[in-house]
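User: Hey, I'm new to this one. Can you walk me through it?
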Amino acid sequence: VLGLPAIWILRLSHRVGRDFRVTTHLGLVGRAFGAKGMYYSGDKDKEMEKSILRVNERWGGEFKVIYTRQPIKLVNGWREKGVLIHLTMYGLPIDDVISEIRGLNKDILVVVGGAKVPSIYYSLADYNIAITHQPHSEIAALAIFLDRFYKGEQLKFEFSDAKIRVVPCEKGKRLYKGP
Ligand code: SAM
């Protein structure tokens with residue numbers, strides 16, 4: 001996206017039922033804000049995967065959703081070629097490190113947790129990054145990380161193969177359907 005390195009997400013410890021909306025929203029935010037795809041661990045959930053992929057069909061893009069049974073293996077493999085970011089309220093303030101991370105010009109895996117994040121992720125991460133030092137939400141943390149990384153440019157991003165697009169209007173809803 002926008003000539004910058006690829007960003008992937010790793011969502012840890014997904015639970016069927018309980019995390020359906022949160023994990024779906026992580027995927028939708030990732031897709032809309034320019035990430036390439038999302039890995040997830042925990043319970044495999046075909047319905048959640050479909051809920052994200054259905055959006056690609058109409059609104060375009062090739063955002064991927066990939067289940068991983070071995071997230072630590074994935075993370076270790078990633079560290080050999082790219083940067084590993086872990087979003088946590090205990091990390092360094094995002095504004096202190098985001099320029100440095102952009103400057104590395106390497107693909108990025110952004111790890112976001114679920115209920116409890118095993119401590120190994122804190123030590124494996126190249127950067128533990130905090131979006132404020134208050135507890136809040138993985139969706140909000142991801143959105144702010146992507147926004148800071150892309151400097152807001154992702155807000156202008158369009159999907160070239162969309163079957164349906166919004167025609168911005170002051171009131172009401174307008175859609176354009178076509179190539
Ligand atoms: N108590 C959990 C733990 O052991 O870390 C965190 C639960 S929190 C609801 C779920 C995820 O949201 C976290 O793992 C983290 O990725 C993200 N998150 C929440 N607040 C954050 C913050 N202030 N900065 C960065 N990420 C945050």
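User: How many helices and strands are in the chain?
Analyst: There are six helices and eight strands, counted as DSSP runs numbered from the N terminus (H or I of at least four residues for helices, E of at least two for strands). Bear in mind that this is a predicted model, where local features need pLDDT of at least 70, side-chain atom pairs count only at pLDDT 80 or more, and totals for chains, interfaces and linings use all residues. Residues are numbered from 1 along each chain as its sequence is written, and side-chain values use heavy atoms, with hydrogens and water left out.

User: In what order do the elements run from the N terminus on?
Analyst: The order is β-α-β-α-β-α-β-α-β-α-β-α-β-β. The radius of gyration is 16 Å, close to the 16 Å from the globule rule for 179 residues, so the chain is as compact as a globular protein of that length. That radius is taken over C-alpha atoms, and the rule is 2.2 Å times the number of residues to the power 0.38.

User: And what share of the residues count as buried?
Analyst: 46% of the 179 residues do. Buried means under 20% relative accessible area, exposed means over 50%, and partly exposed is in between (1.4 Å probe, protein chains only).

User: OK, the inside then. Which residues touch the most other members of the largest nonpolar core?
Analyst: Ile85, Ile108, Ile129 and Phe145 do, in a core of 33 residues. Helix α6 (residues 138-150) gives this core its largest share, eight residues. A nonpolar core here is a set of buried Ala, Val, Leu, Ile, Met, Phe, Trp, Tyr and Cys residues joined through side-chain atoms within 4.5 Å.

User: What is phenylalanine 145 in contact with, leaving aside neighbours within four places in sequence?
Analyst: Its partners include Ile7, Leu87, Ile98, Val110 and Ile131. Contact means heavy atoms within 4.5 Å. There's also a second, separate core of 15 residues, with Leu10, Tyr39, Leu109 and Val111 among them.

User: Switching topic: what is phi of serine 13 near?
Analyst: Near 60°, a positive value in a residue other than glycine. Most residues other than glycine have a negative phi. Serine 13 lies in strand β1 (residues 7-14) and is partly exposed, at 30% relative accessible area.

User: And asparagine 105, where is that found?
Analyst: In the loop between α4 (94-104) and β5 (108-112). Asparagine 105 has a positive phi of about 55° although it is not a glycine.

User: Is asparagine 105 buried or exposed?
Analyst: Exposed, with a relative accessible area of 57%.
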